[in-house]
Amino acid sequence: MIDVLTAPFVEFAFMRRALAGCVALSVGAAPVGVFLTLRRMSLMSEAMSHAILPGAAVGFLWAGLSLPAMTLGGLVAGLAVALLSGVVARSTVLREDASLAAFYLISLAAGVLLISARGSSIDLLHILFGTVLALDDDALLLLGGISTVTLAGLAVAYRPLVMECVDPLFLRSVGRASGPVHYAFLALVVLNLVGGFAALGTLLAVGLMLLPAIAARFWALDLTGLMPAAVILALAASVAGLLVSYYAGLPTGPAIVLSAGVLYVASMLLGPRGGLVWRLLPSRHLEA
Amino acid sequence: MSAVSAPGGALVFRGLTLGYARHPAVHHLDGTVPTGSLTAVVGPNGAGKSTLLKGIMGEIAPLEGAVVRPGLARHDIAYLPQAAEIDRAFPIGVFDLVAMGLWRRVGAWRPLKAHRAAVEAALAAVGLTGFERRPIGTLSGGQLRRALFARVLLQDARVILLDEPFAAIDSRTTYELLALVRGWHAEGRTVVAVLHDLDQVARHFPATLLLAREAVAWGPTAEVLTADNLRRARRLCEAWDEEAPVCRAPAAAAHDHGAHGPPDHLSHDHHTHGHAA
């Protein structure tokens with residue numbers, strides 16, 4: 001039985017590499033996803049993942065299917081869209097979501113234009129669905145570096161970030177941390193999406209960030225519980241997805257995200273914090 | 001407290017005009033809130049009371065004129081807004097919410113442990129002992145207001161701005177919180193509070209600014225809250241006029257406004273506006 005779970009990783013180096021990459025991604029992206037969902041910015045990361053596309057496309061046109069070039073391009077495009085929409089939201093009447101929607105649509109259209117003008121459809125599939133089973137040393141170092149930076153960044157900015165989420169007006173009234181914290185957080189989101197884009201592709205980059213974070217709400221009440229719960233769920237989804245794709249011969253990226261989806265549905269039904277099943281059981285209210 | 005007795009700390013308005021989309025909500029306000037004063041801001045709805053506090057905080061930029069805060073840094077002013085932008089669904093406890101008031105002392109990294117007793121004392125002062133671990137989403141409106149009061153208490157600021165601090169709070173708690181406000185006054189802090197209950201103002205606040213976009217009266221409470229002044233305030237506070245002409249009053253620099261005290265505040269009579277049109 002244990003063999004079924006471990007054999008693919010023992011036997012094949014590419015499976016071990018894929019696992020290492022997914023572990024790095026889970027550890028960094030899931031806590032970021034927790035903050036995203038708590039700030040009601042879940043869909044913002046979806047939009048942002050699209051915004052990365054033109055940058056990656058420019059990198060692709062310039063250097064071919066090269067990870068560093070496409071990553072750098074995606075990073076530049078993502079940070080530019082995050083910064084622009086943040087500046088517009090903070091200096092005009094537009095809310096963050098509206099200004100982001102405007103910029104990501106512009107960015108996505110430009111990306112599709114660039115790719116279809118030059119690349120073939122196979123290249124497009126690579127960009128959309130990633131190359132998790134072909135992670136080379138560079139890609140692993142990139143993923144590891146990103147999750148290190150993410151954890152360090154979250155640790156450094158934890159207190160002001162929580163304050164910015166709970167009561168932004170108060171943080172603005174006591175100091176200058178509000179703006180920098182907001183932009184630093186957006187930068188972490190972009191960084192993790194670019195990381196996910198290398199492993200899972202742009203379309204699915206958001207999956208490992210958000211699905212475990214959303215599912216974690218059914219397992220923990222506060223931040224100190226939500227973040228570990230999200231990481232554990234992301235790790236479980238990664239392993240399950242890799243195994244399913246190995247044994248069933250399915251594409252790996254979608255298999256991982258679908259595993260996360262299964263975990264989400266299971267959490268929603270069975271999770272001890274508001275799972276649907278528990279609502280069916282009668283429980284008397286307390287005295288006070 | 002040494003921070004409180006340091007020099008400076010007054011709020012000076014110089015021809016201050018605040019507003020939205022060029023329409024003034026506070027119009028050519030001149031005067032000084034002296035250090036250590038306890039001032040109530042009263043006036044009809046839409047008189048610009050909350051706007052004035054936002055202007056002092058720098059939340060909105062003046063259309064004209066300025067708020068001068070000699071010797072006051074941003075963190076020297078504590079602000080309890082009318083509608084806090086608090087996300088009550090965020091999973092955080094009352095203790096952590098109130099402990100945010102320690103920001104100036106602990107910043108992003110220093111440990112909270114040394115200040116635990118101070119947080120508990122602040123919670124006790126507003127009657128929320130035992131609520132430390134309750135998620136903020138489970139508090140009633142009045143309880144949340146009290147928690148925010150406790151946070152202001154912890155901020156230990158030299159200037160405290162309160163925007164309708166007692167809205168949605170029962171009378172007994174209001175009485176206890178008013179005692180806190182008077183305590184701040186006794187410690188030499190400058191307190192400005194937007195209030196609607198004129199009896200409360202008359203009983204507890206030595207100075208009052210009656211605002212109706214312009215300062216109708218500003219001075220000792222008994223002299224400000226006259227029937228005549230209140231009638232004028234109601235009359236002045238007219239609806240937003242889409243067609244309002246550009247204000248031709250002399251610019252802020254033309255006024256003479258040093259740091260005089262309240263008696264100088266009716267300087268408005270020397271220019272007339274066309275807003276009633």
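**Note on the predicted model of chain A**

1. The UniProt record (unreviewed entry) places the feature "transmembrane region" at residues 18-38, 71-89, 101-119, 139-162, 183-214, 226-248 and 255-272 of chain A. Such annotations may be inferred rather than shown by experiment.

2. This is a predicted model, in which local features need pLDDT of at least 70 and side-chain atom pairs count only at pLDDT 80 or more. Residues are numbered from 1 along each chain as its sequence is written.

3. Chain A has a mean pLDDT (the predictor's confidence in each residue, from 0 to 100) of 86, and 92% of its residues reach 70 or more. Helices are DSSP runs of H or I with at least four residues, numbered from the N terminus.

4. Residues 18-38 of chain A are 100% helix and 0% strand (strands being E runs of at least two residues), with end C-alpha atoms 29 Å apart. Residues 71-89 of chain A are likewise 100% helix and 0% strand, and their end C-alpha atoms are 27 Å apart.

5. The axes of helix H2 (residues 13-38) and helix H8 (residues 137-166) of chain A, lines fitted to C-alpha atoms over the stretch in contact, come within 9 Å and cross at roughly 15°. H2(A) is therefore roughly parallel to H8(A), a term for angles under 35 degrees.

6. Zero disulfides are counted over all chains, a disulfide being a pair of cysteine sulfur atoms within 2.5 Å.

Methods: Chains lettered and ligands numbered in written order. Heavy atoms only, no water. Axes fitted to C-alpha atoms, helices over the stretch in contact; angles between N-to-C directions. Parallel < 35°, antiparallel > 145°, perpendicular 65-115°, else oblique.
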